[in-house]
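Hi! Here is the structure I promised you.

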Amino acid sequence: YFWLAAVGAIIIALVWLVVRRMKRGGAEDYIVDKVKQQWAGVEQLLEQNSDVSGKLAIMEADKLLDYALKSIGFPGKDLGERLRSAAYRHPQVRDVWPAHKVRNRLVHETDYHLDARTARSAIQQFKRALQTLRVL
């Protein structure tokens, strides 16, 4: 009877986990709460309409997307690999690549100039990706 009870408990636990994951598409409440809280900071940075705040907003949005992908469980050693992995389940996530490339240019190219239009567009792409992942 012990083995039967143990197998039953395991089955109940697995069903419970599946139901919880389906509730948000895989994202736990604490992940969603953290993303929403930090996203508010990203939008505040963007509203400041300065070169520095736009750059910071993009870098923070990129880090936030990476956090969300890692927390949900997408594998990869960096954001690029996690994005490729996520795109299998969420093809729309591919649309964030231009925004990620803007972030890379900000970090790696000393002469890259970010205009306000590009900053707003990149932030919108990050936002759509986070919404697609159902964490925002």
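**The nonpolar core**

The largest nonpolar core has 35 residues, and I58, L65 and V135 touch the most other members. A nonpolar core here is a set of buried Ala, Val, Leu, Ile, Met, Phe, Trp, Tyr and Cys residues joined through side-chain atoms within 4.5 Å. Buried means under 20% relative accessible area, exposed over 50%, and partly exposed in between (1.4 Å probe, protein chains only). Helix α3 gives the most to this core, with nine residues; helices are DSSP runs of H or I, at least four residues, numbered from the N terminus.

This is a predicted model, where local features need pLDDT of at least 70 and side-chain atom pairs count only at pLDDT 80 or more, while totals for chains, interfaces and linings use all residues. Residues are numbered from 1 along each chain as its sequence is written, and side-chain values use heavy atoms, with hydrogens and water left out.

**The salt bridges**

How many salt bridges does the structure hold? There are eight, each a side-chain nitrogen of Lys or Arg within 4 Å of a carboxyl oxygen of Asp or Glu.

- R103 and D62 pair up at 3.5 Å, N to O. That pair links distant parts of the chain, with R103 in α5 and D62 in α3, 41 residues apart. D62 is buried at 5%, while R103 is partly exposed at 22%.
- D66 bridges to K70, with the closest N and O atoms 3.7 Å apart. Both lie in α3, four residues apart, about one turn of the helix. Shared partners join D66, K70 and R82 into one salt-bridge network.

Methods: Helices (H or I, at least four residues) and strands (E, at least two) are DSSP runs, numbered from the N terminus.
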